[in-house]
Amino acid sequence: MNNFKILSVDDPNWKAYIKTSWRYDFHHTSCFHHIEKKKGEEIFLFIAEYKTDFLALPLVIRKIPTTNYFDATSVYGYAGPIASKEIAALPPKLIQFFQDNFLAYCQQHKIISVFSRLHPIIEQKHFFQYFGELIDLNKTVAIDLKLPVDEQRRAFRKSTKSEINQLKKKKGYSVKKIDADDDYGITQFVEIYHETMQKVGANDYYFFGFDYFKSLLVNDCFSCDLLVAMKDEIMTAGAIFTRTATLMQYHLAGTKEEYAYDTPMKLILDEARLLGTELGLEYFHLGGGVGGSDDDSLFRFKSGFSKNFFQFSVWNLIVNKEIYNELVEAKHINASAHLNFFPLYRAK
C-alpha cells in the first residue's frame, strides 16, 4: 500500500529514514537542516512509501516577499532525493506516486516553484524524468576510497605529491585533529576561516561563526572532524570534514595568508583521505570549483588529487507557471541578464 507523509525537521523519524537510506550525505540530515535554518523558514522531509521501499526529499519552504505565495529550495550544499535503494531500481509507480502527491501539496500550500541542488555522487536523475528541468553545471572531484591508498596516491598530480612530501619532510608541517571540546582550537580555526573569506571577497552568508562550527562538531546525525595543519606550534590552516556511512565531504576551510604559499591544505586533504580509507568509506568528495575546468583555480587545486569527476546538477520545477510569470513581470526582471538564475523572481 502506498503512503505519503511529511516530517518536520524536529520529528525524530527523520533520522531513522536517513540512516536506512541506500546512500546519503550530511546535507540530508535533520541536524544540518537545524543548523542552517533561518527565521521564518519551514523545513520538511517529504516521503513516499511502497511496501519496503521509500523515496524522500528534504526541502526548505520560504515565503516569497510581499506576496501570499511560497517557494521551496534545498539546504545549502549537495542535497536532492534519497531512497531505500538506488532510485533507478525503485518501482516506477512509487516515483510517480511521490510526484503526484508532492505536486498536490505544493498546489494546496501555494508553493510556486521548487529548486534543489543535487548530489553528484548519489544517483538521483532517474527521479526527475518528466518532472521539472535538470541543468548540468560544473564538475566535482572525488577520491575513490575503495582503492588501496597507494593507488589513490598514484592518481595525484605529480606536483601535488611533491608538495605534500615537502610539507612533511622539509617544511616541518604536521596535521592534528581538534576535539569538539577544544573551544580555543575551534576559535583559532574560525579566525583563519574568516581571514580566508575576507581574502576571497565572500558574501556575508559564508562568515559562519563559532556556534556554527561547534554545532557541526557535536551533532548526533553525522560525524565531523576538524583537521588543522601545524608548523612550529602555530595553526596555519584547517578544514571541516563530514562523514556519513559511505561518504566523506570536504566542507569548509581556511589558510593563514602568511602560509598560503606553502599550501598546507594539501597535507590536510591527504590526511583526510587516509582517515576516510581507514574508516571504510567509499568516496571522499572534494566538491567543485566555480567553472569546473582547469581554468578555475579552485577546481585545478582539487583535481590535483583525483581525475574521478562527477556531474553537479540542479533541479528547477515551476508548479504554477501563471503566478510564476506574474511574479517575474512584477519585478521587471530582464530574463536574458539572469539566464541561470532560478527562481527568476528572486533575482536582484
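The link between Cys 31 and Cys 221 is right-handed, with 65 degrees about the S-S bond. I start there, with a caution that this is a predicted model. The two cysteines sit in distant parts of the chain, 190 residues apart. Cys 31 is in helix α2, residues 30-36, and Cys 221 is in the loop between α7 (210-218) and β9 (223-231). Their sulfurs are 2.0 Å apart, and the pair is joined as a disulfide. The count for the model is one disulfide. Both partners, Cys 31 and Cys 221, are buried.

Now two other cysteines. Is Cys 224 buried or exposed? Cys 224 has 10% relative accessibility, and the limit for buried is under 20%, so this residue counts as buried.

Thr 29 lies in the loop between α1 (13-19) and α2. With 1% relative accessibility, Thr 29 is buried. Setting aside residues up to four places away in sequence, Thr 29 touches Trp 14, Ile 18, Tyr 24, Cys 221 and Phe 222.

Rolling a probe the size of a water molecule over the atoms shows where empty space is left. How many cavities of 30 Å³ or more are there? The count is one. The largest cavity holds about 40 Å³ of space. Its lining is made up of Trp 14, Lys 15, Ile 18, Lys 19, Thr 29, Ser 30 and Cys 221. Which element gives the most to that lining? It is α1, with four residues.

On to helix α10, residues 321-330. Its buried residues are Ile 323, Tyr 324, Leu 327 and Val 328. Looking down the axis of α10, these buried residues fall within an arc of 140 degrees, so they line one face of the helix. The face turned away from that buried side carries the exposed residues Lys 321, Glu 322, Glu 329 and Ala 330. What covers the buried residues of α10? The cover includes β6 (111-117) and β13 (309-318).

Both ends of α10 have something to point out. At the start of the helix, a side-chain oxygen of Asn 320 comes to within 3.3 Å of the backbone nitrogen of Glu 322. Just after the helix, His 332 has a positive phi of about 55 degrees.

Strand β6 also holds Ser 116. Ser 116 has a relative accessible area of 0%, so this residue is buried. Apart from residues up to four places away in sequence, Ser 116 touches Ser 74, Gly 80, Val 314 and Trp 315.

Leu 103 is in helix α3, residues 92-108. Its relative accessible area is 24%, and Leu 103 is partly exposed. Along the chain, Leu 103 and Val 319 are 216 residues apart, yet their C-alpha atoms are separated by 7.2 Å. Neighbours within four places in sequence aside, Leu 103 is in contact with Phe 131, Leu 317 and Val 319.

Is Lys 146 buried or partly exposed? At 48% relative accessibility, Lys 146 counts as partly exposed, because that label applies between the buried limit of 20% and the exposed limit of 50%. Lys 146 is 137 residues from Tyr 283 in sequence, and the distance from C-alpha to C-alpha is 7.4 Å. Which residues is Lys 146 in contact with, leaving aside its neighbours within four places in sequence? They are Leu 281, Glu 282 and Tyr 283. The side chain of Lys 146 makes a polar contact of 3.4 Å with the side chain of Tyr 283. Another polar contact, of 2.9 Å, joins the side chains of Lys 146 and Asp 144.

Technical notes
Residues numbered from 1 in each chain as written. Predicted model: local features only at pLDDT ≥ 70, side-chain atom pairs only at ≥ 80, totals over all residues. Heavy atoms only, no water. Disulfide = S-S within 2.5 Å. Buried < 20%, exposed > 50% of the residue type's maximum accessible area, 1.4 Å probe, protein only. Arc of directions from axis to C-beta. Contact = heavy atoms within 4.5 Å. Polar contact = N/O pair within 3.5 Å; in protein donor to acceptor, adjacent residues only side chain to side chain. 1 Å grid on protein atoms, 1.4 Å probe; cavity = no way out; pocket = protein on both sides within 12 Å on 5 of 7 lines; lining within 4 Å. Points joined across faces, edges and corners; volume = space filled by probe spheres on them.
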